Amino acid sequence: METFAPFLYDFLTVFFGSLWNGIVGFVGIFNIPAYIEVFQKHYQQFSVLDWIFAILTIIVVFGLLLGLAWLIYLLIRKYIRFRETLVSKEDMLEEIGNLNRQVVKLTTEKERIMAMKVSQLGLKPEEAAALEEEEGDAEGADFDGRFYKLAAVDRAFENYVPPVYETDFTLEELCDRFRNFACSKMGLYYSKNIIRLFVSAFGATRLIILQGISGTGKTSLAYAFGKFVMNDTMIAPVQPSWRDRTELFGYFNEFTKRFNETEMLKKIYEAGYNDDTYLMVLDEMNIARVEYYFAEMLSILEMPIRDE
């Protein structure tokens with residue numbers, strides 16, 4: 001032990017001295033030749049117990065060195081990954097910036113094209129709209145104000161002569177005729193009770209709700225009745241995204257200064273010209289809140305006087 005103590009002192013002096021000096025020169029900790037030199041200086045005087053402690057000391061010290069080297073490796077690796085992530089993020093932000101600039105450029109170009117279309121070689125927007133209406137006449141488009149589809153209905157019924165309606169049949173005969181028509185012409189089979197309820201409902205209200213599981217023929221019943229009265233049923237598939245009346249009746253386009261009518265609005269407007277039976281189906285109306293898109297129509301349907 002007398003020999004091991006000086007060895008241990010010298011050996012650890014190299015280790016801790018290098019560790020301390022690592023603030024200035026960190027590489028000194030890994031000065032392997034210095035460790036070997038200390039070992040060669042003392043190993044010839046080792047006893048068996050000294051050899052055991054010396055080997056243990058070497059193992060511990062070099063284990064610390066390997067652990068420290070591994071820690072440095074992990075730190076460098078983590079820094080490289082962080083740097084790559086940071087660089088990727090910067091590249092992504094730069095790419096987003098380039099895309100935003102392209103969007104602005106394209107938007108400006110779009111506005112420029114739209115302005116050219118509106119201006120029509122320097123005309124004012126009002127004059128451009130008038131010119132566009134005149135040009136639309138040559139292409140068969142309607143140019144009667146903001147409601148071009150409704151204006152087309154006005155022209156179609158300009159010289160309208162009401163037909164002579166068949167009235168010499170009973171309600172029972174009507175139901176039987178419709179039942180036979182649906183069966184023979186459309187392959188649809190309904191009981192007399194269902195048809196009687198359906199037809200009698202028209203005498204009570206203009207709004208009929210058909211309730212039942214899918215595939216029972218609710219839409220087909222209204223569709224077949226439209227074919228029966230020779231006025232096709234207008235079917236509007238309700239979407240979950242319907243939030244206002246524009247989905248049913250259309251909307252005013254601020255750019256074109258026209259109202260974009262729907263086929264539903266056109267049918268309703270056309271119904272005012274004659275006494276035909278018009279059917280409009282809001283298919284799957286339960287998938288959207290009816291008060292969002294149909295509230296105003298519900299209020300109108302509650303009015304007792306038709307002219308109002």
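Select Phe178 first: leaving aside residues up to four places away in sequence, Phe178 touches Ile195, Leu221, Ala224, Phe225 and Phe228 (contact means heavy atoms within 4.5 Å). Keep in mind that this is a predicted model, where local features need pLDDT of at least 70, side-chain atom pairs count only at pLDDT 80 or more, and totals for chains, interfaces and linings use all residues. Numbering runs from 1 along each chain as its sequence is written, and side-chain values use heavy atoms, with hydrogens and water left out.

Now widen the selection. The largest nonpolar core has 16 residues, and Phe178, Ala182, Tyr190, Ile195, Val199 and Phe225 have the most contacts inside it. Such a core is a set of buried Ala, Val, Leu, Ile, Met, Phe, Trp, Tyr and Cys residues joined through side-chain atoms within 4.5 Å; buried means under 20% relative accessible area with a 1.4 Å probe, protein chains only. α6, α7 and α8 are the elements that give two or more residues to this core, and α8 gives the most, with five.

Then hop to β1 (residues 234-237). Four bridges join β1 to β4 (residues 280-283), running parallel.

Technical notes. Two strands pair if DSSP finds at least two bridges between them. Buried means under 20% relative accessible area, exposed over 50%, partly exposed in between (1.4 Å probe, protein chains only).
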